[in-house]
Amino acid sequence: MQTYVSTEAGEGVDEWAAAKTLVKPPDQLELTEAELKEEFTRILTANNPHAPQNIVRYSFKKRTYKPISYVDQMAVHFSLNGNMILKDSDEGRRQKIRLSTAVGSHCSIFLQAAGEEEAEESGTAEVAEAAEAEEPPPPRVKEQKLANQFNFIERASGTLNNPMRWEIYDAYVEELQKIERSKEKEKTKAQIAKREEEKKKGRKLTSLESQSDDITKISKAAKIMERMVNQNTFDDIAQDFKYFEDASDEYRDQQGTLLPLWKFQYDKTKRLAVTAISWNPKYKDLFAVGYGSYDFMKQGQGMLLLYTMKNPSFPEYVFSSESGIMCLDFHHDHPYLVAVGFYDGNVAIYNLKKATSQPSYKSSAKSGKHTEPVWQVKWQKDDMDNNLNFFSISSDGRIVSWTLVKNELVHTDVIKLSVEGTTMQGPEGLQLQTLGCGTSFDFHKKIDYLFLVGTEEGKIYKCSKCYSSQFLDVFEAHHMAVDSVSWNPYHLKVFISCSSDWTVKIWDHTVKTPMFIYDLNSAVGDVAWSPYSSTVFAAVTTDGKAHVFDLSINKYEALCTQLVVAKKKNKITHIQFNPVYPIVIIGDERGHVTSLKLSPNLRRMPKEKKGQEVKKGPEVEIAKLDKLLNLVREPESKAEK
């Protein structure tokens with residue numbers, strides 16, 4: 001922006017004829033004559049790109065909605081109410097007369113006072129008349145010009161050096177400086193730069209950091225708006241989730257029901273099966289879903305989605321993988337870390353804090369990955385050096401401990417499962433032993449070293465982290481593969497298992513035979529203990545049904561058996577209880593996740609007696625389950641206890 005400063009000039013000289021000095025800002029670009037004369041063409045159209053093209057109005061004549069052909073393209077960018085009026089208008093004429101009369105009266109008063117003074121001084125009328133004759137006519141009053149606020153010279157309308165232009169310039173300069181700094185770092189620290197590049201793979205960086213900050217702000221606001229819209233759209237479901245209690249449970253004779261709430265689905269996972277579900281330990285409305293395929297002949301890509309109950313229409317996070325995801329687990333102390341096992345035998349860790357679609361850490365053939373699908377992963381407590389670590393189990397018979405050391409996954413084989421009586425005679429007299437196929441495992445809640453392993457042969461091994469070559473105990477549990485095994489969250493001795501042989505069994509790990517056996521008339525895909533009671537558990541079967549049991553109310557059959565998905569070409573795969581709310585989520589082979597609310601009969605708590613407080617807590621839950629176990633324990637085991 002150029003500013004012209006006029007120098008002082010003598011009276012009577014036209015101000016436009018005064019000498020003018022050209023003042024340039026110190027940071028103005030020096031351009032050549034050719035660059036100054038260069039023309040830049042900009043084509044402006046009268047069409048508004050933001051004007052809607054699909055507006056419809058109801059036609060009462062034709063009784064239907066018809067599109068409007070004319071769309072208003074005008075967009076007002078600036079509006080200012082002025083106070084200028086036309087000279088020829090009535091108001092303009094009135095103002096002109098008012099100004100002239102005010103100036104005329106002022107001049108007449110001034111002239112009259114001057115005449116009286118002169119008459120008194122001279123004392124003669126002739127001198128006064130001569131003075132009056134010589135008096136010049138009254139000066140003509142100049143019309144007052146109204147200031148034009150849109151004159152580019154006017155200070156009021158000018159902006160301070162066009163801040164938008166300089167912001168863009170500063171951003172480009174800053175970007176150039178960053179490029180120069182990165183080049184210097186590459187020269188001095190080549191190895192560090194390579195690692196940084198590997199970390200930044202998959203991350204979409206914008207050219208300007210300020211732009212990315214704006215996008216994150218907009219995305220956050222959009223996410224809140226989306227949740228508000230969804231809450232209004234699914235208001236009836238939200239009301240049911242928060243307040244509805246099925247009053248008809250009083251007349252059902254201890255039977256209960258599952259009330260369907262939201263259904264979570266995503267377009268890209270329609271042909272994938274739900275292979276894993278896990279609730280976030282910190283955010284009780286957030287859960288992760290792993291997608292893959294249990295069909296050996298239909299293996300392809302997998303997906304990891306994170307949904308929240310606040311927005312059932314779209315996932316919060318979306319990650320895609322080359323191989324199908326078979327299992328996942330949230331870290332208890334770091335809820336943003338998700339351990340994942342793949343069909344191709346790899347394991348990986350996803351960090352939800354990082355804006356990348358790729359896992360932060362992943363195993364490889366060099367780092368000792370499994371050679372068969374990974375069926376389950378579980379986070380463990382940090383090791384002696386405070387390194388993060390988790391365990392994985394696979395069909396290759398290996399149980400592996402993965403430790404995160406210096407941004408790399410280091411593996412240690414804990415146990416290799418072997419099948420008894422399958423030693424074969426190999427070439428040159430070598431003894432070859434067939435490895436067992438692990439399908440599931442679970443770690444004890446209190447005894448850190450103790451864990452259970454379910455196998456494809458139907459056996460359950462009680463193992464210790466301290467012994468890699470032998471098992472503490474073996475349970476001849478099922479006739480087919482053990483699909484899930486899980487310790488009771490309250491009772492330290494009790495665990496549950498389910499299998500494709502249609503049965504769910506409850507065990508005391510000190511006794512070789514099961515305490516309870518339930519035949520559900522179809523292959524059982526998954527079983528889960530409830531977080532609020534030691535005697536409540538739920539199981540899902542491949543015929544599309546969910547079964548909820550409460551041993552304290554009925555030891556022989558389920559309180560609720562309900563069809564959740566249609567039988568036709570669809571099977572239920574997994575079930576999980578929410579840690580806080582009275583709901584379960586169920587996944588199926590079509591990629592859908594359904595949330596259901598437990599009716600009051602399925603989460604019945606002890607009744608209050610007059611004058612007595614209801615005892616609550618782990619001790620009460622342990623005593624409740626112990627009472628049931630005592631009914632079915634053999635006399636010898638009772639005496640041992």
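Which residue in S15 does Val377 stand opposite? In this predicted model, Val377 has Ser392 of S15 across from it, and the strand S15 belongs to an open sheet of four strands with antiparallel pairing.

**The four-stranded sheet**

- The strands of this open sheet follow one another in the order S14-S15-S16-S17, and their pairing is antiparallel.
- Because strand S14 (374-380) and strand S17 (408-416) each have a single partner strand, they stand at the edges, and one side of each is left without a neighbour in the sheet.
- From one strand to the next, the twist averages 25°.
- S14 is joined to strand S15 (residues 389-394) by six bridges, and these two strands run antiparallel.

- Strand S30 (residues 545-550) is largely enclosed by the rest of the structure, because five of its six residues are buried.
- On one hand, S30 is joined to strand S29 (residues 536-541) by five bridges in an antiparallel arrangement, and within this pairing Ala538 has Val548 in S30 as its bridge partner.
- S29 and S30 form a hairpin with three residues between them, and Gly544, which lies in the turn, has a positive phi of about 90°.
- On the other hand, S30 also pairs with strand S31 (residues 560-563), again in the antiparallel sense and over four bridges, with Ala546 standing opposite Gln562 in S31.

**Surface and loop residues**

- Val56, Tyr58, Phe60 and Tyr65 make a nonpolar surface patch of about 500 Å².
- Within that patch, Phe60 is found in the loop between strand S3 (56-59) and strand S4 (64-67), and this residue counts as exposed because its relative accessibility is 71%, where the cut-off is over 50%.
- Ser357 lies in the loop between strand S12 (347-351) and strand S13 (361-362), and counts as partly exposed at 32% relative accessibility.
- Although Ser357 and Ser320 are 37 residues apart in sequence, their C-alpha atoms are 7.3 Å apart in space.

**Cysteines**

- A disulfide is a covalent bond between the sulfur atoms of two cysteines.
- With a cut-off that asks for a pair of cysteine sulfur atoms within 2.5 Å, the count for this model comes to zero disulfides.
- Cys437 is buried, with a relative accessible area of 18%, and Cys560 is also buried, with a relative accessible area of 2%; both values fall under the 20% limit used for that term.

How values were computed: Residues numbered from 1 in each chain as written. Predicted model: local features only at pLDDT ≥ 70, side-chain atom pairs only at ≥ 80, totals over all residues. Heavy atoms only, no water. Pairing = 2+ DSSP bridges. Axes fitted to C-alpha atoms, helices over the stretch in contact; angles between N-to-C directions. Patch = residues over 30% accessible without salt bridge, like charges linked within 9 Å, V, L, I, M, F, W, Y side chains within 5 Å. Areas by Shrake-Rupley, 256 points an atom, 1.4 Å probe, with all protein chains shown as cover. Salt bridge = Lys/Arg side-chain N within 4 Å of Asp/Glu carboxyl O. Buried < 20%, exposed > 50% of the residue type's maximum accessible area, 1.4 Å probe, protein only.
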